[in-house]
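Please look through the sequence and the model below.

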Amino acid sequence: MRWIVAVLVLAVVAEAVLTPPKHDAVAAVQGLISRRLGASYLPQFEFGVLAASSTGLDVAHVSSKGGKVFLEGSSATAMAYGLQAYLRQVVHTSTDWEDHALHLPPSLPLPPAPILLQKQSPYTYYQNVCTASYSHWAWSWERWEKHLDWMALQGINMPLAFTGQEKVWQATFAKFNVTSLDDFFAGAAFLAWGRMGNIQGSWVRGPLPQSFIDAQFALQGKILARMQSFGMMPALPAFAGHIPTSLVPLYPHAKVVQSDAWAGFRAPYTQVHLLDPTDPLFVRIGAAFLQTYQDLYGFTAHVYQTDTYNEMDPREASPAYLGAASSAVLRSMQMVDKDAVWLMQGWLFSFSRFWTLSRMESYLSRLPYESLIVLDLYAEVSPQWEKSQEFFHHQWIYCVLHNFGGSLGMRGDLDTIATGPVVAREKSHSLVGVGLTMEGIFQNYIVYDLALSMAWANSQVNVTEYVRSFAVGRYISQSSTTHHYLERAWNVLETSVYAVRHAYGGVTKDIVCLRPRWYLIQASFMPTELSHDYERVLEAWTLLLQAAASSPSLQYDDRFTHDLVDVTRQAMSDGLVQIYQHIQNMFEQRQVPLSELTAKTADLLDRMTDLDLLLNTNQDFMLGPWLRDARSLAGEDGDDVAAAYFEYEARNQITRWGDNNRNALSDYAGKEWGGLVGSYYIPRWRLWVAELLRAYAGQVEMDMEGLNGQIEEFEVTWQLLRDAFPTTAQGSAVTVSRHLYKKYTHSDAPAVKTSRPELSSVLCLLECLW
């Protein structure tokens, strides 16, 4: 009986599945291979197109034919996913979102046995609406092109595509007699929250330059064309109801409210006007926007993403109103595209207590099954699908959020990700995909790599075996001894930082990134309290250095040096927590001489300085590239006013995140980046240490009001600086990591070994490290 139910469920889902754009899968993957592997490798491949499975799902096969690697797939993204599987399983190399180099032999090995892959649900979704600002707001086409290839290799077929929409909004609101949107568009690094109606306008420097709006519009044209060539179904923007202030007096009879102030901001940068969804003007503007979008770009995959109530609540709670509000959003889409599907972020349902199950049902139940897909945005920690009867019988996607603000701390829950989507699929009648919805990328790649693979997994994944294959496929081929060190290091990480079960609040935040004060250690949102045994991170550090000593060529492997810096960074961060807590105890108890407290605070600052030195050895952990990319938006002519604007945007986002907003979001998007630690974080900590020692010497309490005033003045000044930071690695990651290991363990870094290490000898170093 169970198999009959399963077949019926698949039939219902299949009926609602979107049709991907027509595309030449072979040509698309040939182009990908030329760009990512090199054109010289193309003759070593044969290609074939497969029919989808009997249930309409993507399939991919990799085998050999005539002495060549034979790639087959039912779509370009399926074929590309097969290529990625081949690279990892057979060639032992793999891609990631940092675009590290692939390690390829001149002659590619043939698969020893066929690799047969079948997707388990139609869609692999990618991006949070915030990702556009936290990660790629300043990207060039060159960077985007590499990332789109990465998407295809991961089998992603439903990405969010929000770039360039401001030009369309200008054209749309011009039809309603609004001639300027300078006060409406958020700053270049904050467009995500302007699009969601949380903020408006550019503070301190601005407005958003027209040159940027035009360039982003052109960039989106290239992005959409490449997505279309891969057969992807990009989710395009749609109207949520947020309107410029200048529109309000033009339509005095329209029903308009001002949203509540958001995240400490004050007018005019918040309290955005919201056109009530039940007002007829809502559908007119929404339809005009989509029609303008299609006129300008000439493409749609019939998927549209918008959220009227992102971190804000409706003004009315009656079932009739909530149903009418959601229906208006969909109707504004279907006025232009009868096949429109609304892709809704389910964040609102977990963020606000307003959304009781009955209100949630009222909002969703009037929408047709085939016209709505809900992203269960934080399903690995706070799933909504089960308690809401699968969003009251609608299509939904199991999403892994995991990260807030792009913080870099090592943390994850591999066990849940390896089981959750499979369990959901077994229980669900309307699960249609797996997705990533992290706020920022470039951290904890293993978490997302596993999540993306779950779209193809027909059973729960053995995490230990997965981690082993991840390690084997990540580095330059090495001796068995070196492989042992590397696999053991990843096994240690698997069972420590990546074994934090169902932990709310994102990854661990390094205290160096926070404005200094007492009681920084906490376990709630963006936790600073360690949820792992810090000695296990030290063990992984030791093993990675063992690998580097065993195979010196690893120092030239950019994946290895990235991982070594990341693990060393985490060990240093964990150590700072111990030192900070020691200082707090010493200050509160007031029993040690001033000289002892002075020495301990000097140790804290010295460790932070060493952290900055370490981070500057790898481009993935440096401030310079972030600022360089922002300044480059000013164009080749180097418009200095525009360059200053974009640099301010870049600096502000990763530090104060706003202006005159009560520091509500300060350090939310902070990063452990070389240059940022040295020029911004350490000076704040020096001010704190100076006040701490003054208070201790005088046996008085710290003057926190005065101290915060000094820190505030420093932060505001730093936002406006234009000083340059290096954009290429400074020194050797292996050399600096070995130096820090010796300095803080008082032991020599691991030397070349010819046999496997005795773990007892590794662990004996850990007691003295901090």
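The lining of the largest pocket has, by class, 10 nonpolar, six polar and 13 charged residues. Here Ala, Val, Leu, Ile, Met, Phe, Trp, Tyr, Cys and Pro count as nonpolar, Asp, Glu, Lys and Arg as charged, and the others, Gly among them, as polar. The model is a predicted one, in which local features need pLDDT of at least 70 and side-chain atom pairs count only at pLDDT 80 or more, while totals for chains, interfaces and linings use all residues. Residues are numbered from 1 along each chain as its sequence is written, and side-chain values use heavy atoms, with hydrogens and water left out.

The space in this largest pocket is about 850 Å³. Of the 29 residues that line the largest pocket, Trp-139, Arg-143, Phe-442, Arg-628 and Asp-629 lie nearest its centre. At least two residues of the lining come from each of helix 2, helix 5 (141–153) and helix 21 (623–632). Helices (H or I, at least four residues) and strands (E, at least two) are DSSP runs, numbered from the N terminus.

A pocket is an open set of points on a 1 Å grid over the protein atoms alone, with protein on both sides within 12 Å along at least five of seven lines; a cavity is a set where a 1.4 Å probe fits but cannot get out, and lining residues have an atom within 4 Å of a point. Grid points are joined across faces, edges and corners, and a volume is the space filled by probe spheres set on the points.

The structure has seven cavities of 30 Å³ or more. The largest cavity holds about 270 Å³ of space. Its lining has 22 residues, and Gln-165, Trp-169, Gly-194, Arg-195 and Met-196 are those nearest the centre. Two or more residues of this lining are given by helix 6 (165–174) and helix 7 (191–195). Helix 6 provides the largest share, four residues. By class, the lining of the largest cavity has 13 nonpolar, six polar and three charged residues.

Helix 6 also meets helix 8 (residues 210–229): their axes come within 7 Å and cross at roughly 110°. Axes are lines fitted to C-alpha atoms, for helices over the stretch in contact, and angles run from 0 to 180 degrees between N-to-C directions. Glu-166, Lys-167 and Gln-170 of helix 6 are in contact with Gln-210, Ile-213, Asp-214 and Phe-217 of helix 8, where contact means heavy atoms within 4.5 Å.

The sheet is open and has four strands in the order 1-3-2-4, with mixed pairing. Strand 1 (45–49) and strand 4 (115–118) are at the edges with a single partner strand each, so one side of each has no neighbour in the sheet. Two strands pair if DSSP finds at least two bridges between them. Strand 2 (residues 59–65) and strand 4 run antiparallel and are joined by four bridges. His-61 has Leu-116 in strand 4 as its bridge partner, and Ala-60 stands opposite Leu-117 in strand 4. Strand 2 also pairs with strand 3 in the antiparallel sense, over six bridges. In the hairpin of strand 2 and strand 3, two residues lie between the strands, and Gly-66 takes a positive phi near 60°.

Helix 2 (residues 25–38) lies across strand 1 and strand 3 (68–73), at about 150° to strand 1.
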